[in-house]
Every structure is written in structure tokens, then in C-alpha cells.
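Please look over the sequence and the 3D structure below.

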Amino acid sequence: MEFVVTAAEARARYQGTVGLVPTMGFLHEGHVSLIERARNSAETVMVSLFVNPLQFNDPNDLARYPRDLERDAEVCRRAGADLLLVPKVDDMLPAHTRVRVEGVTAPMEGSRRPGHFEGVATIVAVLLASLRPDLALFGRKDAQQLAVVTTVCADLGFPVRVVACPTVREPDGLALSSRNVFLSGPERRAAGELSAGLFAAAEAVEAGGERSSGRLAEIVRGHLEGIDVEYVALAAQTDAALLSVLDRPAFLAVAASFGSTRLIDNVAFDAVGDGGFQTDRGVRLEHPSVLVGQPAGSG
Ligand code: AMP
């Protein structure tokens with residue numbers, strides 16, 4: 001695997017089709033699953049690692065975002081990446097241009113984190129324009145982000161195939177996140193209820209035929225008593241429009257804080273013929289994540 005700093009250096013090393021996995025580093029098995037998926041689908045696999053200052057609406061969150069480049073390089077190498085791009089901030093932030101996406105960015109994360117999706121969309125556009133990958137792989141864990149990225153690619157005509165990959169979870173269901181390292185023992189145990197609530201709602205859809213978003217949200221909230229829940233919402237996969245009834249491909253999303261750590265999760269409902277839905281709950285690791293340990297230098 002080669003380490004590169006500029007898009008031009010990366011492009012000079014391409015062979016055949018190129019799959020890009022954009023990340024903010026502190027990699028875990030969720031990122032690994034994206035890299036492995038890219039490995040199966042493209043001849044050159046590139047991981048970009050950039051802690052994007054534009055997408056942090058909270059400066060404290062940016063300051064404490066975990067970083068460990070040496071370990072990330074080893075994770076990329078083992079997962080089969082060919083190139084690891086770690087660009088300079090000055091090369092990534094456009095001097096005059098920001099990409100503002102309407103509609104799909106309005107609810108949920110967009111309303112709670114002002115400027116977040118503008119930051120995401122701007123950097124994704126810079127990556128796609130400068131790296132010109134054939135495929136770009138994103139996790140369903142960030143379902144609204146996926147809808148934003150798909151919208152940007154369609155609207156701006158980026159000739160890239162966006163590939164959505166399932167959420168990778170701890171054995172108890174907690175979605176892997178670089179932020180999980182901040183959870184104390186009790187917070188970590190409580191955080192397991194996020195996915196438990198989502199899975200219970202998924203069960204109500206699959207087994208009970210439940211279609212009401214209000215009812216589904218109640219089921220999730222029933223698991224989160226005493227927890228600081230920001231929202232539980234059912235939204236369309238394509239444009240993140242809030243739905244009162246599950247009548248199209250959608251995702252049931254939740255955001256909640258555990259101490260000072262804010263987590264998001266969702267389950268996706270994919271259409272399967274004659275009005276039915278199949279839930280994508282993601283995949284669970286057999287053993288607890290070995291990568292979401294303590295950040296270097298902590299403790
Ligand atoms: P991040 O480094 O958090 O910006 O994430 C980089 C990419 O990895 C995004 O496309 C995320 O959706 C994806 N990702 C993050 N966590 C997971 C997970 N648990 N399972 C699958 N993909 C994930």
C-alpha cells in the first residue's frame with residue numbers, strides 16, 4: 001500500500017477501475033467492510049482520510065475527534081487498500097465554493113447540526129472532482145448522508161457509482177462508530193438500547209405489519225427511557241423526506257446522547273415487490289470490535 005498526499009499523486013498510481021472509501025480515520029470494522037467491498041469491485045482501492053473541519057458544527061467535537069494515523073495505515077493495508085490519501089487541509093478546503101444541498105439536508109441531522117451537510121457535500125465534491133473514482137463507497141450507518149451524497153452526484157453529474165454498504169455492529173447491536181471510544185462502561189451498556197429499539201421496531205414492521213411512523217417511534221423510545229433522545233424519525237431513502245407512513249423505501253433513524261457522546265443509528269426498510277419491506281439491520285461482528293479501543297495517548 002502506498003501513502004499519498006495529493007490527488008495528482010493518487011491518480012498517477014491508478015490501475016484499472018478505482019474504488020474510493022472516504023473516511024475521517026480512526027478506522028474500525030465498519031470502514032474495513034467498505035474497503036473490502038471496494039476490493040471486490042475495483043482494481044485500485046483508495047481510502048481517503050480527512051477529518052473535515054467543515055462538517056463539525058461543534059468545535060469541541062472536532063478538537064477531540066480521535067486520530068491515530070499509524071494504526072489507520074495498518075488497518076487499510078490489512079484490509080487490502082492500494083492507496084491511502086491523507087490530504088493537507090489547504091488542498092481540501094475550496095477557497096470560494098461551498099456545496100449547499102436543499103431538501104434532503106433539512107430534517108434530522110441537518111436541522112440539529114447547522115452547516116454539517118454543507119461541509120460533507122463540499123468535501124465529497126472535492127474528492128470526487130479531484131480523484132475521479134469509478135465507485136465511491138458509503139455506509140448505510142449514515143443514511144441521511146448517503147441520501148445527500150447521492151443527490152449531489154445526481155445533481156452535479158459526477159460519473160461515479162455510489163455504493164451503499166451495510167452497517168457493521170458490535171455483537172450486542174451497537175453500530176460501530178469512531179466516537180464509541182468515548183463511552184464510559186455504563187454509557188456503553190445504555191447505548192446498546194439504540195439498536196435494540198430499532199430492531200424491535202423492525203420486528204413490528206416485518207412480523208406485525210406496522211407501518212405508522214408514530215408507532216415505530218414509540219417502540220424505539222420505549223427502549224430509551226431516561227436517555228437524552230434528540231429525534232426518532234422515519235424518512236425516505238432517496239430524499240430523506242419525513243414520512244408518517246412506511247410506504248416507500250425508508251429508514252428509521254435515531255439520534256441520542258450518552259454523556260457527552262452523540263450517536264446516530266438506523267435500520268433501513270428496502271422494498272421487496274408487492275408493497276412489502278425487507279429490513280436491513282446491518283451485520284453483527286461475532287466478537288467485540290478490536291479496533292474501537294481507546295484512542296492513542298488516552299487513559
Ligand atoms: P466516518 O469516518 O465516520 O466519516 O465514516 C466513513 C464512512 O464509513 C462513511 O461512509 C460511514 O457511513 C461509514 N461507516 C461508519 N461507521 C460504519 C459502520 N458501523 N458500518 C458501516 N459503515 C460505517
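A residue is buried when its relative accessible area is under 20%, exposed when it is over 50%, and partly exposed in between, using a 1.4 Å probe and the protein chains only. Cys76, at 0% relative accessibility, therefore counts as buried. This is a predicted model: local features need pLDDT of at least 70, side-chain atom pairs count only at pLDDT 80 or more, and totals for chains, interfaces and linings use all residues. Residues are numbered from 1 along each chain as its sequence is written, and side-chain values use heavy atoms, with hydrogens and water left out.

**Cysteines**

- A disulfide is a covalent bond between the sulfur atoms of two cysteines.
- The search criterion is a pair of cysteine sulfur atoms within 2.5 Å.
- Across the whole structure, the search finds 0 disulfides.
- Cys76 is in no disulfide, and the nearest cysteine sulfur, that of Cys165, is 15 Å away.
- Cys165 is in no disulfide either; its nearest cysteine sulfur belongs to Cys153, 14 Å away.
- Cys165 is buried, with a relative accessible area of 2%.

**Ligand**

- A side-chain N or O atom of His31 is 2.9 Å from an oxygen atom of the ligand.
- A polar backbone atom of Gly139 is 2.9 Å from a ligand oxygen atom.
- A nitrogen atom of the ligand lies 2.8 Å from a backbone N or O atom of Val168.
- On its own the ligand has 480 Å² of accessible area (Shrake-Rupley method, 1.4 Å probe), and the protein covers 93% of it.

- On a 1 Å grid over the protein atoms alone, a cavity is a set of points where a 1.4 Å probe fits but cannot get out; a pocket is an open set with protein on both sides within 12 Å along at least five of seven lines; lining residues have an atom within 4 Å of a point.
- The whole structure has 1 cavity of 30 Å³ or more.
- The largest cavity holds about 30 Å³ of space.
- Its lining includes Lys141, Leu174 and Asp265.
- The second largest pocket has a volume of about 210 Å³.
- That pocket is lined by 16 residues, with Leu49, Phe50, Val51, Arg67 and Val86 nearest its centre.

Notes. Grid points are joined across faces, edges and corners, and a volume is the space filled by probe spheres set on the points. A polar contact is a pair of N or O atoms within 3.5 Å; within protein, one must be able to donate a hydrogen and the other to accept it, and residues adjacent in sequence count only if both atoms are side-chain atoms.
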